[in-house]
Amino acid sequence: MQTPSVLLLCHHGTEGAALAEQLAYDVARPGQTTIVHCLVVPELWAGMQGDDWLNNASTRDDFAQYVEKLLENDAKRELAVVEANCAERGLGYKAVVRFGDPAECVVAIAVGEKADLVVIGPPRAKAVLGLRSRMNLEHLVRDLVCPLLIASRR
């Protein structure tokens, strides 16, 4: 495999994303590769207002702001960790945060950043707790203009 100069790493803090991160470091070369850290906040968070238990507009707005702040802090934490890991390895780093459909965002970012390779993690195992927002692999494979590498559970 040719050393990518621009590697798009899809990473959002899950166990699978950690596997993708390790794979990206294995493929990348210091001084030659820039890792573009793609963090996508799925659309499903847009409607998170707690309407089922909050009974007035002010409380719903407060709750929405609270959720947005949690998501923002989580994203900042993930970005800082990957940026530090890249610096430690002598790799270039750029962060791109988007809100929307994960597959659509990855395809658009890969084109915009002129990625040579996209690295993602495997789907979450059924036994692992957590949000099951899925990457539409069919869309990703069909529309990406560069190779896709999916980390596996070892």
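**Figure 1. The buried residues of helix H3 in the predicted model.** The buried residues of H3 are Pro102, Ala103, Cys105, Val106, Val107, Ile109 and Ala110. The structure shown here and in the other figures is a predicted model. The buried residues of H3 pack against strand S1 (6–10), S2, S3, S4 and H4. At the start of the helix, Asp101 places a side-chain oxygen within 3.3 Å of the backbone nitrogen of Ala103. Just after H3, Lys114 has a positive phi of about 55°.

Figure 2. Val107 belongs to helix H3, which covers residues 102–112. Val107 counts as buried because its relative accessibility is 12%, and the cut-off for buried is under 20%. If residues up to four places away in sequence are not counted, Val107 touches His139, Leu140, Asp143 and Leu144. Helix H4 is made of residues 137–143. Val145 is 38 residues from Val107 in sequence. In space, the C-alpha atoms of Val107 and Val145 are 8.0 Å apart.

**Figure 3. Glu21, a buried residue with no salt bridge.** Glu21 is found in helix H1, residues 15–27. Which side chain of opposite charge is nearest to Glu21? That side chain is Arg89, at 5.8 Å. A salt bridge needs a nitrogen and an oxygen within 4 Å of each other, so Glu21 is buried yet has no salt bridge. The side chain of Glu21 does have a polar contact of 2.5 Å with the side chain of Tyr25. Glu21 also touches Leu9, His11, Val82 and Asn85, with residues up to four places away in sequence left out.

**Figure 4. Arg89 and the ring of Tyr25.** Tyr25, the polar partner of Glu21, also has a charge over its ring. The charged end of Arg89 sits there, 4.0 Å from the ring centre. As for pairs between aromatic residues, a search of the whole structure finds zero.

**Figure 5. The salt bridge between Arg153 and Glu15.** Four salt bridges are present in the structure. One of them joins Arg153 and Glu15, with 3.0 Å between the closest N and O atoms. Arg153 lies in the segment after strand S5 (148–150) and Glu15 lies in helix H1, so this pair ties together parts that are 138 residues apart in sequence. Arg153 counts as partly exposed because its relative accessibility is 32%.

**Figure 6. The salt bridge between Glu113 and Lys94.** Glu113 and Lys94 form a salt bridge in which the closest N and O atoms are 2.8 Å apart. Glu113 is in the loop between H3 and strand S4 (117–120), and Lys94 is in strand S3 (residues 92–100), so the pair ties together parts that are 19 residues apart in sequence. Glu113 is partly exposed, with a relative accessible area of 22%. Lys94 is also partly exposed, with a relative accessible area of 37%.

Figure 7. The side chains of Glu138 and Arg142 meet in a salt bridge, with an N to O distance of 3.8 Å. Are Glu138 and Arg142 buried or exposed? Both are exposed. The two residues are four places apart in helix H4, so about one helical turn separates them. An α-helix has 3.6 residues a turn, so residues three or four places apart point the same way. Asp143 joins Glu138 and Arg142 in a network of salt bridges.

Figure 8. Thr33 lies in the loop between H1 and strand S2 (34–42). Thr33 is buried because its relative accessible area is 2%. With neighbours within four places in sequence set aside, the residues in contact with Thr33 are Thr3, Pro4, Ser5, Leu7, Ala28, Leu91 and Gly92.

**Figure 9. The whole chain, for orientation.** The protein chain has four helices and five strands. Read from the N terminus, the elements run β-α-β-α-β-α-β-α-β. Of the 154 residues in the chain, 37% are buried. Among contacts with a separation of 6 or more, 78% are between residues 24 or more positions apart.

How values were computed
Residues are numbered from 1 along each chain as its sequence is written. This is a predicted model: local features need pLDDT of at least 70, side-chain atom pairs count only at pLDDT 80 or more; totals for chains, interfaces and linings use all residues. Side-chain values use heavy atoms; hydrogens and water are left out. Rings of Phe, Tyr and Trp (its six-membered ring) pair if their centres lie within 6.5 Å; planes under 30 degrees apart count as stacked, over 60 as edge-to-face and the rest as tilted. A charge sits over a ring if NZ of Lys or CZ of Arg is within 6 Å of the ring centre and within 35 degrees of the ring normal. Buried means under 20% relative accessible area, exposed over 50%, partly exposed in between (1.4 Å probe, protein chains only). Contact means heavy atoms within 4.5 Å. Lys and Arg count as positive and Asp and Glu as negative; His and the chain ends are not counted. A polar contact is a pair of N or O atoms within 3.5 Å; within protein, one must be able to donate a hydrogen and the other to accept it, and residues adjacent in sequence count only if both atoms are side-chain atoms.
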